[in-house]
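Here is a short report on one protein model. Keep the structure open while reading.

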Amino acid sequence: MEQAQTASSIRIAALLVATLANFLTPFMSSAVNIALPAIGSEFATSAILLSWVPTSFLLAAAMFAVPFGRISDIYGMKKIFSYGIIIFTVASFLSAVAPSTESLIIFRILQGIGGAMIFVTGLAIITSVYPPQERGKAIGINIATVYIALSLGPVLGGIMTQYFGWRSLFYAMIPLGILILILTYWKLNDEWAECKGEKFDIKGSIFYSIVLVMVMYGFSTLPHITGIILVIGGIIGFIGFLMYELKLESPVLNVKLFKNRTFAFSNLAALINYSATFAVTFLLSLYLQYIKALDPLSAGLILVAQPVMMAIFAPIAGRLSDKFVPQKLAALGMVLSTIGLFLFAFINAQTSIAFITVGLIIIGTGFGFFSSPNTNAIMGSVERKFYGVASAMVSTMRLLGQTFSMGLALMVFAIFIGNVQITTLQYPALLNSIHIVFLICTVLCFIGIFAALIKQKTK
């Protein structure tokens, strides 16, 4: 009885700490998106450079997710989690005092490194302490916190940006980071290191980070020849990385995990889903504030519709995934997201706010049904000793997808708007760019439906 109570208290403490930490990065992402016009105005920044404020964070987090996932399996998840909170908090302060867009981007990279350490370990800790029959519910609660943060981001971000300036967003992260660090050392007495004593693949980690940067940065500079060369070189390099990892006893990324079809197709579905949906907030933030001439607060109140639906349906879908085949729920989420994206491909200057809100509700509901079951399928398909790497793959697919999504928007902006500050003269080109991005994202999400169905058929 006492052991059961102890296990229960450990689970609650782990869920509490990981869930609070899970609030940090999505809140910053959604709040920063709302603040982009204010940041651009203060620093007189071009649309392309301004887009790197959110993209730099995503790129850094994607680069370091897999290496830190492996490091946490070897040296301990609590240790890496704690260091991540410290780095994220320090980077938040530096971002708050940034004197230029370029320096802000550098500090956002540092924040991304801390973010990677936080979310690859948080999910792995929850998976380690919860049994399979309760795991979906716990993951659903954890993911719901992400969407609550995304819900509050536009609203609080809009209020803080309008009344206290965009720098207040970063200052607000400091006390929260300190609180999470205190709770971690107070409540989490255990350590999780299933691969303790194994070697860390330093060469593979560096190799992985370099090819990932080549692909991500190259994609963001398309259609220029440099971008094409970087993307092709990065893809070739990634193939070489996979071949190198197959030869190692202790690789940073265990490629053999992808022989598990549930693991492979669930990750593919996640990559497609995030690639198709992440740019929605970025694009609509620009649309509402430039085309519809709304202030940051009003725009934030409209954008909150999507993450609110995510927060409502993620725990429900998580519980359902403990009882039913999670792939079917994920496929349903893909269908709803595709419908919502298709609606946004036809917005114009006269489109009503009600229409925008309905589209956001549809996408938010779809994402809520997709994320928790898909994550549960991935984490439940591997052995305990691979929880850190599996969690890192979940994060990497999310971050790669988000970076691809922003890269797609950057590429279209570069082609149709150019590297200039957005003014009324660029509004027609901005609207045209938004249409094109949403059409491409609709096609991507439609393909994702079949990825989810293939995953179910092969289970």
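Is Thr 55 buried or exposed? Thr 55 counts as buried, because its relative accessibility is 2%. The model is predicted, so a pLDDT of at least 70 is required for local features.

**Thr 55 and its partners**

Thr 55 belongs to helix H2, which covers residues 47-75. Its contacts beyond four places in sequence are Thr 403, Met 406 and Leu 410. The C-alpha atom of Thr 55 is separated from that of Phe 404 by 9.3 Å. Along the chain, Thr 55 and Phe 404 are 349 residues apart.

**Helix H15**

Helix H15 runs over residues 387-416 and has 30 residues. From first C-alpha to last, H15 reaches 43 Å. That is close to the 44 Å expected at 1.5 Å a residue. Of its 30 residues, 26 are buried, so H15 is largely enclosed by the rest of the structure. Just after H15 comes Gly 418, with a positive phi of about 95 degrees.

**Tyr 208**

Tyr 208 sits in helix H7, residues 202-220. Tyr 208 is buried, because its relative accessible area is 3%. Setting aside residues up to four places away in sequence, Tyr 208 touches Ala 62, Met 63, Val 66, Pro 67, Phe 238, Phe 241 and Thr 396.

**The nonpolar core**

The largest nonpolar core has 145 residues. Those with the most contacts inside it are Leu 283, Leu 284, Tyr 287, Phe 344, Leu 360 and Phe 438. Helix H1, residues 2-43, gives the most to this core, with 17 residues. In soluble globular proteins, nonpolar side chains tend to be buried together.

What does Leu 360 contact, leaving aside its neighbours within four places in sequence? The partners are Val 280, Leu 284, Ile 302, Leu 303, Ala 305, Gln 306 and Phe 344.

**One salt bridge**

How many salt bridges does the structure hold? It holds one. Glu 42 pairs with Arg 167, and their closest N and O atoms are 2.9 Å apart. Glu 42 lies in helix H1 and Arg 167 in helix H6, residues 167-187, so the pair ties together parts that are 125 residues apart in sequence. Glu 42 is partly exposed, at 44% relative accessibility. Arg 167 is also partly exposed, at 23%. Side chains of opposite charge can pair when their charged atoms come close.

**At the surface**

A nonpolar surface patch of about 480 Å² is made by Ile 225, Ile 228, Ile 229, Ile 232 and Ile 236. Ile 232 lies in helix H8, residues 225-246. Ile 232 is partly exposed, because its relative accessibility is 47%.

Which phi does Ala 293 take? Ala 293 has a positive phi of about 60 degrees, although it is not a glycine. Ala 293 is found in the loop between helix H10 (279-291) and helix H11 (296-303). Ala 293 is exposed, with a relative accessible area of 62%.

**Accessibility by residue**

| Residue | Relative accessible area | Class |
|---|---|---|
| Thr 55 | 2% | buried |
| Tyr 208 | 3% | buried |
| Arg 167 | 23% | partly exposed |
| Glu 42 | 44% | partly exposed |
| Ile 232 | 47% | partly exposed |
| Ala 293 | 62% | exposed |

Technical notes:
Residues numbered from 1 in each chain as written. Predicted model: local features only at pLDDT ≥ 70, side-chain atom pairs only at ≥ 80, totals over all residues. Heavy atoms only, no water. Patch = residues over 30% accessible without salt bridge, like charges linked within 9 Å, V, L, I, M, F, W, Y side chains within 5 Å. Areas by Shrake-Rupley, 256 points an atom, 1.4 Å probe, with all protein chains shown as cover. Salt bridge = Lys/Arg side-chain N within 4 Å of Asp/Glu carboxyl O. Helix = DSSP H or I, 4+ residues; strand = E, 2+ residues; numbered from the N terminus. Buried < 20%, exposed > 50% of the residue type's maximum accessible area, 1.4 Å probe, protein only. Core = buried A, V, L, I, M, F, W, Y, C linked by side-chain atoms within 4.5 Å. Contact = heavy atoms within 4.5 Å. Expected span 1.5 Å × (residues − 1).
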